[in-house]
Amino acid sequence: MRFLKTRTIAVLLIMVMGVMLFATGCGTNETNDDPGEDPGVPAPDDADLIIDKMTIEQKIAQMLIPAFRSQGNPEEPDNVFEMTDELKGVIGKYPLGGIILFYENVENASQTTKLINDMQAANRDAGFETGLFMAIDQEGGVVTRLTTGTQMPGNMILGATGDAGHVRNVAGVIGSELRAQGFNMNFAPVMDVNNNPRNPIIGTRSFSDDPEVVGEFGKIFSEELRGYDIIPVLKHFPGHGDTDTDSHTGLPCVNKTLDEIKSLELIPFQEAAADAEMIMTAHIQYPEIEKETYKSKETGEDISLPATLSKTIVTDLLRGEFGYNGVVITDGMDMGAIANHFDRMDAARLAINAGVDMLLMPITARVEDAGKDLDEYIKGIAAMVESGDIPKERIDESVRRIVELKVKYGILSSEITELDESEAAKEVGSEVNHDTEWYAALAGITLVKDENNGAGPLVQEGSKVAIAVPYNSEMNSITYAAQKLLADGIINADDSITAICYGDITAWDVNAIADEADVIIGVSAMYGLSELNPANEDGVLTDFLHKLMEAAHGKGKKCIIISAQLPYDVAAFQEADAILACYGARGMAEIPSDFTGDTREYGPNIPAVIYAVFSGSYNGKLPIDIPKLNDDYTYSDEILYERGFGL
């Protein structure tokens with residue numbers, strides 16, 4: 001047998017700025033010594049002083065958070081890792097509400113810190129009094145933009161720990177690393193209840209399918225971010241968990257009544273609304289709640305206004321019924337759910353009139369086009385204000401909320417100081433932060449099935465072990481896990497672990513793999529239901545794992561299956577001798593030849609579950625119900641493993 005993508009490990013001994021608060025003048029007992037003014041009228045607060053100087057176009061700019069992700073040749077664009085004269089000109093034209101960074105902007109901690117320093121400086125040098133919201137999606141797990149810091153294991157495995165302490169610790173590390181680099185806003189936590197196994201976009205980003213758990217852990221996550229002066233943004237209101245369409249590419253529809261979503265999806269938001277300072281809307285249709293329609297530019301059909309554009313949902317429900325008076329921001333306005341169906345300026349008008357305060361990613365992300373696009377967009381909204389299509393009062397309401405939030409967090413140009421790039425590099429990805437990451441991941445590993453009911457390690461000392469993973473980056477995760485096991489004295493240098501990437505399944509003879517090992521571990525990384533049917537083209541990797549199990553059992557060998565992504569796939573491998581879930585399949589960067597075990601740029605879930613297999617450390621409980629599969633590989637109404645189960 002020719003092992004095309006294999007690594008045999010005959011294991012060798014290789015081896016954490018406070019914010020100045022501003023007195024607003026409101027609620028004080030100070031008297032006004034100016035005899036020309038009525039002492040009974042309070043002095044204008046800081047927000048008033050700033051807003052009164054703004055033109056209508058500058059106010060509209062405060063409502064925008066664009067991204068600048070590419071530059072240069074449109075066919076082969078470059079990433080935007082540093083400030084350029086062109087980008088400085090775009091930032092300096094209008095007082096933007098903020099900027100969101102993506103992986104195209106973040107190379108390492110020092111570079112990211114310098115870029116943020118330069119962006120704030122460009123805004124300040126233009127004479128704008130308010131600073132920029134510097135935002136990012138740093139949820140942990142599958143949505144992690146700062147790949148050189150701690151990745152964190154993700155929300156679902158935190159739900160599996162059942163431990164609020166791990167949620168607090170993880171959010172604290174995320175907050176500290178963001179603050180060190182100059183961020184002041186995080187589009188997290190996810191408050192969606194993942195109650196639909198077919199959901200293609202939330203999944204492990206959710207803490208649980210229990211709304212009470214989501215609400216509790218989401219509040220804790222938010223509180224910890226605030227402790228590091230990071231504004232948490234709760235998303236996606238009124239709930240993205242019960243959808244089977246990705247709003248990045250399509251327009252999801254949830255056919256539930258208001259009473260129905262109040263009984264589930266809205267519970268986490270209701271619990272957090274009193275303290276929340278910013279909430280993000282979902283691009284989801286709720287036709288039983290919002291009756292207004294719009295003729296889709298893509299299909300020509302009448303479609304229900306999604307939550308982002310719905311006054312019924314944003315103003316009547318969130319602001320009216322829930323009493324929320326914080327900032328409301330849209331999800332990305334460039335996402336397919338909006339961009340494919342709505343005229344861009346119609347979408348802006350509908351969102352603002354619905355009660356939204358900030359529009360996320362409303363213009364092109366390419367630097368060379370952004371200036372003209374920004375100018376047209378702002379002037380277009382201003383024209384609608386002038387014509388009365390958007391009430392001026394709506395703009396003023398939003399700008400006041402935005403500026404007051406900036407005042408609260410000290411996000412004013414005169415108060416933002418340049419951060420030390422070298423200090424940021426020391427904090428981001430530090431050893432103590434990675435330890436927090438590791439222990440949280442290990443605490444959530446869930447043993448779902450075992451012939452010995454979890455009594456001890458799943459691999460006996462001296463066993464020859466073959467571990468088959470679907471993606472090449474996960475090979476490095478196995479190397480890291482083996483070195484961690486060796487360093488902790490759980491295995492020794494004579495033990496043999498063979499890592500196999502089965503992504504190119506034509507190269508593998510399952511019988512030969514079974515011949516060469518005493519224990520075979522197959523890693524499944526399912527991202528959608530179609531992957532579970534071995535007869536489908538999408539199910540080719542699942543088919544391989546079934547054949548691997550058959551071969552192992554045919555030769556009297558033990559076969560363990562690891563569910564590395566959506567845990568619903570455990571239902572497809574009931575013939576396995578043992579099944580574990582780790583809720584995150586993110587692999588590692590390439591390990592250098594002189595790797596000593598100190599490099600931690602990895603998703604911790606797979607190393608943690610391999611560690612658990614050998615150490616017998618599995619304490620997690622399922623944070624979701626696992627449905628049984630029908631014969632046609634669809635989900636049945638019968639629950640195979642209930643939430644809270646774990647050996």
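Colleague: Starting with the largest cavity, how do its lining residues divide into nonpolar, polar and charged?
Modeller: Three are nonpolar, five polar and one charged. Nonpolar here covers Ala, Val, Leu, Ile, Met, Phe, Trp, Tyr, Cys and Pro, charged is Asp, Glu, Lys and Arg, and the others, Gly among them, are polar. This is a predicted model, where local features need pLDDT of at least 70 and side-chain atom pairs pLDDT 80 or more, while totals for chains, interfaces and linings use all residues. Numbering starts from 1 along each chain as its sequence is written, and side-chain values use heavy atoms, without hydrogens or water.

Colleague: Which residues line that cavity?
Modeller: V106, E107, N108, A109, T112, L146, T147, T148 and Q181. The cavity holds about 30 Å³ of space. On a 1 Å grid over the protein atoms alone, a cavity is where a 1.4 Å probe fits but cannot get out; a pocket is an open set with protein on both sides within 12 Å along at least five of seven lines, and lining residues have an atom within 4 Å of a point.

Colleague: And the largest pocket, what volume does it have?
Modeller: About 530 Å³, counted as the space filled by probe spheres set on the grid points, which are joined across faces, edges and corners. Its lining has 31 residues, and V143, R145, I201, R205 and H248 are the closest to the pocket centre. By class, the pocket lining has 15 nonpolar, eight polar and eight charged residues.

Colleague: Which way do the side chains go?
Modeller: V519, I521 and V523 point one way from strand 20, I520, G522 and S524 the other way, and all are buried.

Colleague: Which strands does strand 20 pair with?
Modeller: Strand 18 (residues 464-469) pairs with strand 20 in the parallel sense over four bridges, and strand 21 (residues 558-563) is joined to strand 20 by six, also running parallel. Pairing needs at least two DSSP bridges. G522 is the bridge partner of A468, and of I561 in strand 21.

Colleague: Last one. How many residues are in the largest nonpolar core?
Modeller: The largest core has 124, and M119, F133, L359 and I381 have the most contacts inside it. Helix 13 (residues 367-387) gives the most to this core, nine residues. A separate second core of 84 residues includes A441, V570, A581 and L629. A core is a set of buried Ala, Val, Leu, Ile, Met, Phe, Trp, Tyr and Cys residues joined through side-chain atoms within 4.5 Å.

Technical notes
Buried < 20%, exposed > 50% of the residue type's maximum accessible area, 1.4 Å probe, protein only. Helix = DSSP H or I, 4+ residues; strand = E, 2+ residues; numbered from the N terminus.
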